[in-house]
Amino acid sequence: MSRFRDVAFAVWWRTIHNFTTNPSFLLPSIIFPLFFFTAFAGGLSSVGNVPGFDFPSGYTAFQFVFVLLQASAFGGVFTGFGIAADFENGFARRLLLGAPNRTAILAGYALAALTRAVIIGSLLFVVALITGMKVTGDGVDLSGLIGLALLVSLTATLFAAGVAFRARTIQAGPAMQMPVFLILFLAPVFVPLDLVAGWVHAVAKVNPFTIIVETGRDLIAGTNPHFLLAAAVALGLIALFMLWAVRGLRRAEAAG
Amino acid sequence: MDQASNGIEVEGLVREFKGGIRAVDGIDLEVRPGEIHAFLGPNGAGKSTTVLILTTLLPPTAGTARVAGFDIVREGAKVRGSIGAALQEAALDPLLTGREHMRLQTALQGVPKADRRRRGDELLERVGLMDAADRKVRGYSGGMKRRLDLALALVHGPRILFLDEPTTGLDPQSRADMWDEVARLARDDGVTVFLTTQYLEEADVLAERIAIIDHGHIVARGTPESLKAEIGRPTLEVTPANPVERDAVENVVARFGTPVTASPGVAAVRLRGGAEELAGIVRALDAEGLAMCDFQLHAPTLDDVFLAKTGRKLTEEDEQVGEAPEEEEAVAA
Amino acid sequence: MIEQVAQMARRSILQTLRQPALVIPPILFPLMLMAVNVGGLDAATNLPGFPADTYLDFAIAVPFLQGSLFAMINAGSSLARDVETGFIRRLAMTPMQRAALLVGNLSGVLVVALGSSLIYLGVGFAAGMDFPAGVLGVPALLALAMLIVLGFASLGAFVGLRSGSGEAVQGFFPLFFVALFLSSMSLPRNLIEQDWFRTIATYNPVSYLIEGIRSFIVYGWDGEALALGFGFATLLAAVGVTGAALALRTRLVRT
């Protein structure tokens, strides 16, 4: 068990060290969520005046939740890029050789993704508050929102890791990015679900991310969130993608 | 073909880059029509810069040169019409096939439309690429890319061919094939070949005359035989049976000539006399109680010539000395 | 010269068509985003003063600009690759005129962009897009779209030739992506609530490019919008082509 911890910690440390000391990794991870927050909350704020749009905390908070979850998800995808790059440049072989229990490697990457989500999420939260975001939920609600963001991060990480373990090349980047992008954007991004029109509404209704983002918004507004349902959906996805990632890891081990 | 205008004449050629670095520092050169002329030197000596200038892709800072009878500065277009060049990079589009490269090159070189396909196929056949003609270049091996590069340089029947390190990175068979084709071009088609290389063997085998360049200067020129004859004396390499005795061995052999740099554990000397000195050396070593496990006597090589002229061995030259900066960083002085 | 341009254009088209990653995303990605935005923002048409009846009519202009960004990357990356592989030196050894290389390369990108634009229009019409500009509006819209593509593609060519690096070209994508977002891409300028955002969108030339194309679909023939759209597109193309030509002169040195 202590070896598992050691390996996971070592992988976590290296990933976070590279992330925080390389401007080419760190800056886009910070800038893009801030940019999306600005573009969506700033540029589209009048959408909050659409008849039928009734969100107690205002449009800024409405968009903050989406951008927070989006940043958490893409942090997981970028962790997947890192895994693929490690395989492509041979570093992963070093990890596989050194770890008695290779699942610890996956655990290390996942922990790193969660840490990354905490860093980016905190920064985003501070900026949102400075721009005047209203938070009408209480501390428990906000903890729930943080929990949801971490679950989303883990889900995306496990999905991307599974792809990376199988493909073992950075060329698989689009295969990690596109599905996550589609899941995120085929959800109520700009307006609540009942104001989404056309086929997107039909897709959003069955999209598991919809319940997560709507619950997140309810949490920040402090209005009857379906937290348990959202958490159950997220945990279900995590279980599914955990299997996906671990099977991918076994394939990578077998490939040598 | 007018043999008289197949030559290259260079006088006082200089190329200076930003920061005052002179990659080419006043070289004079004459390449006779129809000959294979090698330009030999280590990395960063100024070989490629010289080729870029003579092929009109880089203006000189000072000096003059005439290629195929045309001035490289004032008559650049005429120079380009008379020469072909296969430069250091194979310069191919990975997404085009060999045949498509030919089609593009024949069109750009003004080959009449009716002749393009035939000319392209003829050259592809000549360099052994007909079977791969319709494959994308990204699937070609290094040797195949070099051959295609050479074929493209010959599309318009140039009188002078510039080859910049044409066999670097090739396997021995591909290298031998390239040498055969270059020799054939000169012998059968009368093409003048100006070839840069860092491989001694290549210059020795192919070239009728060699110019050795170092730090932008020509330090020696002549036929391979005359250059080696200048040095004249063979080199003896002695490997002691007991590596610890290497210094003692060197002290003994030094009595018979000039010590020269050798591989670790080996003592080497350029003999004052010739092979007749061997018996005396063996007796001297025996008198000192020194046992040997190997004796090698080498005739003078171009490496010895380079060593004699520059104090360094060409084959040990793995640092880039006086490296000329990339052209995009350069500003003409 | 015409033959040289044709040869280089042919090569440019072949290069693009042989890389599915350069063909499919520029077509699919903008349409996908538009579909998502139409579903998600259709409610915005209920805002007082919203100029279009459907969000589709409002948003269909955006894929044309997004397609231009892809054209920028494609043109720039292709020329950067030519510099990196030394292919540009091979071309320099031929009688090919510099202008032919640039025009040919850009022609190839324009042909692909024309195909994409026709697809965007086709999808728009199939989805019930309104088109008050009438039959003559289609070629006029395509002319403006191609002028915009020329502008962005030549900017990409400038970066590709100047840097000789595909990575540097890719590095410009986020910059222009941001410029696209900080415009009247998602809402008309007069409905942007945040003053600072509205100010940026007002000074951002990309707003006028989008509004120029949008005007054919929302208003028909709006003189002011077309004048601004064509004006900025022409300026962009002039700057881009000049920059690319100067960069090519430095890159394709010949005596």
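What follows is a tutorial chat about reading a predicted model with chains A, B and C.

Student: Where do I start with a predicted model?

Tutor: Start with confidence. Where pLDDT is low, the predicted coordinates should not be read in detail. Chain A averages a pLDDT of 90, and 100% of its residues score at least 70. Chain B averages 86, with 92% of the residues at 70 or above.

Student: Which elements of chain A have the lowest and highest confidence?

Tutor: In chain A, helix α4 (residues 91–98) is lowest with a mean of 79, while helix α9 (residues 208–221) is highest at 95. For chain B, the lowest mean among its elements belongs to helix α11 (residues 302–310), at 77, and the highest to strand β4 (residues 62–67), at 96.

Student: Where does pLDDT stay under 50 in chain B?

Tutor: Over residues 317–333 of chain B. The model still gives that stretch 32 contacts beyond four places in sequence.

Student: Next, the overall build. How many helices and strands does chain A have?

Tutor: Chain A has 10 helices and 0 strands, so its pattern along the sequence reads α-α-α-α-α-α-α-α-α-α. Chain B, on the other hand, has 11 helices and 14 strands.

Student: What does the radius of gyration say about chain A?

Tutor: The idea is to compare it with what a compact globule of that length would give. For 256 residues that would be near 18 Å, and chain A has 19 Å, which agrees. Along the principal axes, the C-alpha atoms of chain A fill a box of roughly 60 × 35 × 35 Å. Of its 256 residues, 49% count as buried. Sequence separation is another thing to check: among contacts in chain A between residues at least 6 apart, 80% join residues at least 24 apart.

Student: What does the span check give for α2(C)?

Tutor: Its 22 residues should span 32 Å, and its end C-alpha atoms are 31 Å apart, which agrees. The buried residues of α2(C) include C:Pro26, C:Pro30, C:Leu31 and C:Met34. Within chain C, the buried residues of α2(C) pack against α3 (55–59), α4 (61–85) and α6 (98–126); in chain A, against α7 (173–185) and α8 (198–206).

Student: How many residues make up the contact between chains C and A?

Tutor: There are 20 residues from chain C and 23 residues from chain A. On the chain C side, α2 (20–41) and α8 (166–181) each give two or more residues. The largest share, 5 residues, comes from α2(C). By class, that side has 13 nonpolar, 5 polar and 2 charged residues.

Student: And which numbers describe the contact between chains C and B?

Tutor: That one takes 22 residues from chain C and 25 residues from chain B. Here α1 (2–17) and α5 (87–92) of chain C each supply at least two residues, with α1(C) giving the most, 6 residues. The chain C side divides into 7 nonpolar, 9 polar and 6 charged.

Student: Last one: how exposed is B:Arg209?

Tutor: Count C-beta neighbours. B:Arg209 has 18 of them inside 10 Å, so it counts as partly exposed. B:Arg209 sits in strand β9 (residues 209–214) of chain B. Beyond four places in sequence, its contacts are B:Glu35, B:His37, B:Arg221, B:Gly222 and B:Thr223. B:Arg209 and B:Phe39 are 170 residues apart in sequence but 8.8 Å apart in space, C-alpha to C-alpha.

Note on methods: Residues are numbered from 1 along each chain as its sequence is written. Chains are lettered from A and ligands numbered from 1 in the order in which they are written. This is a predicted model: local features need pLDDT of at least 70, side-chain atom pairs count only at pLDDT 80 or more; totals for chains, interfaces and linings use all residues. Two residues are in contact if their C-beta atoms, placed from the backbone, lie within 7 Å. Helices (H or I, at least four residues) and strands (E, at least two) are DSSP runs, numbered from the N terminus. Ala, Val, Leu, Ile, Met, Phe, Trp, Tyr, Cys and Pro count as nonpolar, Asp, Glu, Lys and Arg as charged, and the others, Gly among them, as polar. The radius of gyration is taken over C-alpha atoms; the globule rule is 2.2 Å times the number of residues to the power 0.38. A residue is buried if 20 or more other C-beta atoms lie within 10 Å of its own, exposed if 12 or fewer, and partly exposed in between; C-beta atoms are placed from the backbone. pLDDT is the predictor's confidence in each residue, from 0 to 100. The expected span of a helix is 1.5 Å times one less than its number of residues.
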